[in-house]
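Visitor: Please walk me through this structure, element by element. Keep it brisk.

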Amino acid sequence: MFDRVVRLAFVSIVCVAPVAAQPVHEFLGDGVVRSFASPSAQANAEASVALIADPAAIGPVPGGFGPLPVFGTQGGQATVTVPVDAGTNLYATGSQSGPLERTGRRVEYYNLDNFGWGDFSNRNYQTHPWVLGVRDDGTAFGVLFDSTWASSLDLEQPQALGIIFQTEGPSPRVITIDADSPQAVVEKLAQLTGYPFMPPMWSVGYHQSKYSYFPQQNVLDVANEFRSRQIPAEVIWMDIDYMDGFRNFTFNPGAFPNPAQLNSDLDAIGFQAVWMANCGIKVDSGYDAFQQIDAQGLAVQRSNGAQYRAEVWPGLSVWPDFTMQATRDWWAGRIAGFASIGIDGIWNDMNEPAVFNVQSKTMPDDNWHRADVDLGGPGTHRKYHNIYGMQMSRATREGMLQAFPDKRPFVLTRAGYIGGHRYAAMWTGDNNANWYHVDVSIQNILNIGLSGQPNSGPDIGGFNGDSGGPMYARWMGMGAMMPFARGHYGFSAINREPWSYGPAVENTCRLALNRRYRLLNYFYTQFYEAHTTGLPVTRPLFFAEPANPDLREYDDGFLVGPGLLVVGATKPGAVPQAPPMQTPIYRFGFPQSDAPGAQSDLSDGDLPDLYVLGGHIVTANGLVQHSRELTPQRDEAIELIIGLDESGAASGTFYEDAGDGWDFQTGGFSLVEFGAQFDNGQLTVGVNSTQGNLVLLDRPLTIRLLQGAGAETTFTTTTGQLPVTFAASTPTPDTQPDPTLRDGRLVRDNYPTGPLATNGRDRYSEISQLRALYARPVPGGLEIGIEGELAIDGTAIALFIDSDAGGQNFINTSSLSPPPAGLDALTGTVMEPGFTPERLLFANGFDGSVFCDWVTLSGNGSKTYLGRQFIGSGGSALSGGNNLGIEVALGSAGHAARSGFEIFIPASEIGSGNGALGQVKIFAAIVKGSGQITNQTLPEGTNVWPGNAPNFGSIIGQQYASVLLDPDLTGDGEVDFRDVIEALRRIDADDTSLDLALPIGQLDSNDAAEYLRGAFGG
């Protein structure tokens, strides 16, 4: 408590100027508090767009409630600061670049048309001013900063300064949620912001899209190709080229002469059709949509009341003012008429809103919206920019309901605001076809789900550029397991359908989509749970074990629902590695076809690994080509895939309804919980409970008890025969991570004797940071482990090695030319006396990868480019370059799970070692692109390094760590007391080969202690 009080006082003094009035904190019940900066702020609070209703307070805040906000101002703008306890991890913040764990990041909330966004894009397409915090004991809290205005969220140093929200609008209402688990926090958020829409089942299938399939016959050809190749798919998308001159609600008469017939033809082969509707309305006196919006005065205005006009796809355009009910009604009517020709879903794009030929990429800040009172009343675009896309989606959904009142609407939007999950699904925008985006797509959908939006996904394969076959196959394997699964690519890319890269990639894509369709009912069940609880469809692994620190930053995989674990490898050549979970896990696959004896899809190395978590049952269905082959009226087979917990129990749910329509709201569904119990070599499987008015029809049932290591016991029966009991051997869960594996995520596990050196700084004081340095001799060379983070922005890790006489004490890299950034600028760095490195490994992060250089620190300044490692754990070989046998294994760069590097350097590249002992001295530091060294590791027991230091000769204390390549001083093949005696003798004889510790040049007890530490791991 004392620490929290001190930190709050510090925040108040240093970060913000406190306001005079006392804040108002109101208890809303069930672990939820609403706060205002003052009674005046409470009385004048703006309408909430995020909340479905502003709940009434029920009394004062209970004592001991979790973090309460501190209100203030900074630079004339309102601020809110929320204290963060030590050991807390932060998540959510919406659709943003970068890692799952958000500490160290800053987000700008002003929706942006962000083509080709990258690792350090701090603005993106959507605004979710929400943070989820998970404490070290697994309890959690969430904070909603309820402001639509342009704002920022600073998570750069939360444990020192707190979470800092700053807005251009008035001081906002702040909702704080405190609960026993992160799941409970997300569920309470949904109670406040509304539950996600229940999607039609067809939208849970696979979607195929291009900018643009053109003309009409091409659309049908692609759909028929899926069917003829037996690749499951559900939806074809029409991008803007179907329009007549990019005019909404029109069709190109030459290329799409009969769109109703196209929709009918697609429907006949089991495909749905989704068509785009953008927000720009072409200024054209002969265009009825413009005539109507102009005559009715429904467009966004300039500050002087004139109609705002600017350039976008159709040319000179106006923008509907979706903050007005009259405009939303008009738009809904247009959508209804447009969709009546058999359109199944609507795609809202460019709705940040995006504007061409202006630096801001959007409307002027002082444009005027005549907003409804319940949205906040008339105001500037700066206030309403972030909800423009949300209100467009709201109107589009209303239009689809008008057209088809007996069907569930499906709307996809690019831009949005928290609460927009009530109206539309979303995708992550115009990503790039590179390995960074393969990797970041996982983190992206997880944090979007933690921000209240369960229905999201990336453009599988990447929108911008060409992914290449191996990348496309890997991405399809992961993307097919994400909530919204759509392949989409730009007009300039080569064709990118599953068959475009040849038979091998086509087969991987077929198997990936077969998996989705075998699990289609399982996915649909998770969407029902999202609709009724607010829990995301895809979940971070720490949801399964909230108190497990090893899972807090794990982002190479995810959970689908509570029981299905998906683990991928997001760089070329890597293989998935089991996560460090405490729960038993059981790997499984599916047959590649329904033919008897078909090979398992586990043989395809580009597919992610699938596991069932112990204690869960994952339900599967037969192989189908589209969802209409699965209905509750059919007798299709069901599989129960069982992973037992430590007590031999498991359970899982199976949800069915008509696949569309609204009968499910009045009991027209079946929700069955299956249960399993293993005891004395017998497994009993039955039905634990049922809900809903639909009866689970008797149908074939296959029970798969996973035994571990790919083995399983299978039993066939029918659902009508349950419960059943059959004999089975005791399962053995699959092996979790192998500590001997070279993997940047597992550094701490791989070096049980502990680090040679550490960094005394707060863990999250910087995005790029070293935390610990490990090293040990291994057969054939030296293995070095580094715990820490490396930003993909030109920052590097410099690893200096001194193993021979000579080298450089005054570093001179001036003869080396970049890339990489920062290497040439190291010239002039003065190392500690006694440390003269002759080798430098320079690992530089940029362009979604880590590039490595091996530098000889000698007179000729030679440098060897080694290659690069893509973000993602597992594997260690450098691709490209002259690798010299050096290997670099990464965790995901940027706050990955136990993130870091594990490096192997062969003996031929280390040198002979200094003297008979074989002492290698190692110095590690973070180097910015400017050459500035910002932090380093220090041998344990030395003073904490004080800060930035371009000249290490001025720093008191040992700068490097030592590792002993050969502590067997007697040469008898053993390291024992005889070697200790020999070490003491050599020290007494002033043998400089044992000059291991400070003070350098003096042999004493410090050197003996350093020998013992290196020889015996003490």
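Visitor: In the hairpin of β9 and β10, which glycine takes a positive phi near 95°?
Guide: This is a predicted model: local features need pLDDT of at least 70, side-chain atom pairs count only at pLDDT 80 or more, and totals for chains, interfaces and linings use all residues. Residues are numbered from 1 along each chain as its sequence is written, and side-chain values use heavy atoms, with hydrogens and water left out. The hairpin has five residues between its strands, and the residue with the positive phi is glycine 138.

Visitor: How many bridges join β9 to β10?
Guide: Strands (E, at least two residues) and helices (H or I, at least four) are DSSP runs, numbered from the N terminus. Two strands pair if DSSP finds at least two bridges between them. β9 covers residues 130–134 and runs antiparallel to β10; the bridges number five.

Visitor: Which residue of β13 is the bridge partner of leucine 144?
Guide: Leucine 144 of β10 stands opposite tryptophan 130. β10 also pairs with β13 (residues 173–179), antiparallel, over seven bridges. In β13, the partner of leucine 144 is isoleucine 175.

Visitor: How many of the residues of strand β10 are buried?
Guide: Buried means under 20% relative accessible area, exposed over 50%, partly exposed in between (1.4 Å probe, protein chains only). In a regular strand the side chains alternate between the two faces of the sheet. In β10, Ala140, Gly142, Leu144 and Asp146 are buried on one side, and Phe141, Val143 and Phe145 on the other. For residues 140–146 the count is seven of seven.

Visitor: Is α8 parallel or oblique to α10?
Guide: Axes are lines fitted to C-alpha atoms, for helices over the stretch in contact, and angles run from 0 to 180 degrees between N-to-C directions. Angles under 35 degrees count as roughly parallel, over 145 as roughly antiparallel, 65 to 115 as roughly perpendicular and the rest as oblique. The axes of α8 (residues 325–339) and α10 (residues 388–403) come within 7 Å and cross at roughly 45°. That makes α8, relative to α10, oblique.

Visitor: What are α5 and α6 to each other, roughly parallel or roughly perpendicular?
Guide: The axes of α5 (residues 216–228) and α6 (residues 259–268) come within 10 Å and cross at roughly 5°. The two helices are therefore roughly parallel.

Visitor: Which residues of α6 make the contact with α5?
Guide: Contact means heavy atoms within 4.5 Å. α5 contributes Gln216, Val219, Leu220 and Ala223. From α6 come Pro259, Leu262, Asp265 and Leu266.

Visitor: In β19, which residue is the bridge partner of lysine 282?
Guide: Three strands form an open antiparallel sheet in the order β17-β19-β18. The edge strands, β17 (281–282) and β18 (310–312), each pair on one side only. Two bridges join β17 to β19 (residues 315–318). The partner of lysine 282 is serine 317.

Visitor: What is the relative accessible area of isoleucine 886?
Guide: Isoleucine 886 lies in the loop between β48 (863–870) and β49 (887–890). Not counting residues up to four places away in sequence, isoleucine 886 touches Trp854, Leu866, Leu878, Ile903, Phe904, Ile905 and Pro906. Isoleucine 886 is buried, at 2%.

Visitor: How many Å apart in space are isoleucine 886 and leucine 866?
Guide: In sequence, isoleucine 886 and leucine 866 are 20 residues apart. In space, C-alpha to C-alpha, the separation is 7.9 Å.
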